[in-house]
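This briefing is meant for a reader who is meeting the structure for the first time. Please look over the sequence and the model below before going on to the points that follow.

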Amino acid sequence: GDPWLALRPRSDDVVLIDGDNCRGKARWGVSAAALTGHVGAAAARGRLGKDAVLFVDHAERRDAIVARGHAVAFAGRCGTADDAIVEALEWWLARNRTATVVTSDFGLRA
């Protein structure tokens, strides 16, 4: 089935997705490129709220690629996806947006 159906963000949420956590839960059977495609398809079907950002570890520099309905954010060499998610969450909340965070990290708490 569609794993995104279990995620029920509010319609105006921004959904922040920890890519490596998702891949790890799938026992690394999903490449980062494939996960990016899955996120794009789910966003296009309206399953990921109003905005969605997939966070990826291990890029040369902190950067983002914005696509239709979602973005892919790279943590860079000096940071982690967890750090970038926390910063992004603070940024969205400061703009009065609600958010859903997809992670298996117990250290990331509301």
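Leaving aside its neighbours within four places in sequence, which residues is Asn21 in contact with? They are Thr103, Ser104 and Asp105, and this, like everything that follows, is read from a predicted model.

**Asn21 and its setting**
- Asn21 belongs to helix α1, which covers residues 19-25.
- With a relative accessibility of 14%, Asn21 counts as buried, because the cut-off for that class is under 20%.

**The largest pocket**
- The space in the largest pocket comes to about 270 Å³, and 19 residues form its lining.
- Of these lining residues, Val53, Phe55, Ala73, Ala88 and Trp92 are the ones that lie nearest the centre of the pocket.
- Two or more lining residues are given by each of the elements β2 (51-56), β3 (63-67), β4 (70-74) and α3 (81-94), and α3 provides the largest share, with five residues.
- Sorted by class, the lining of this pocket is made up of 13 nonpolar, two polar and four charged residues.

**Strands β2 and β4**
- Strand β2 is largely enclosed by the rest of the structure, because five of its six residues are buried.
- Strands β2 and β4 run parallel and are joined by four bridges.
- Phe55 has Ala73 in β4 as its bridge partner, and both Phe55 and Ala73 are also among the residues nearest the centre of the largest pocket.

**The aromatic pair**
- One aromatic pair is found when the whole structure is searched.
- The ring centres of Trp91 and Trp92 are 5.0 Å apart and the ring planes stand at 90 degrees, so the pair is classed as edge-to-face.
- Trp91 has a relative accessible area of 43% and is therefore partly exposed, whereas Trp92, with a relative accessible area of 17%, is buried.

- Ala6 and Arg47 are separated by 41 residues in sequence, while in space they are 9.6 Å apart from C-alpha to C-alpha.

Conventions:
Residues numbered from 1 in each chain as written. Predicted model: local features only at pLDDT ≥ 70, side-chain atom pairs only at ≥ 80, totals over all residues. Heavy atoms only, no water. 1 Å grid on protein atoms, 1.4 Å probe; cavity = no way out; pocket = protein on both sides within 12 Å on 5 of 7 lines; lining within 4 Å. Points joined across faces, edges and corners; volume = space filled by probe spheres on them. Nonpolar A, V, L, I, M, F, W, Y, C, P; charged D, E, K, R; others polar. Buried < 20%, exposed > 50% of the residue type's maximum accessible area, 1.4 Å probe, protein only. Contact = heavy atoms within 4.5 Å. Pairing = 2+ DSSP bridges. Phe/Tyr/Trp six-rings, centres within 6.5 Å; stacked < 30°, edge-to-face > 60°.
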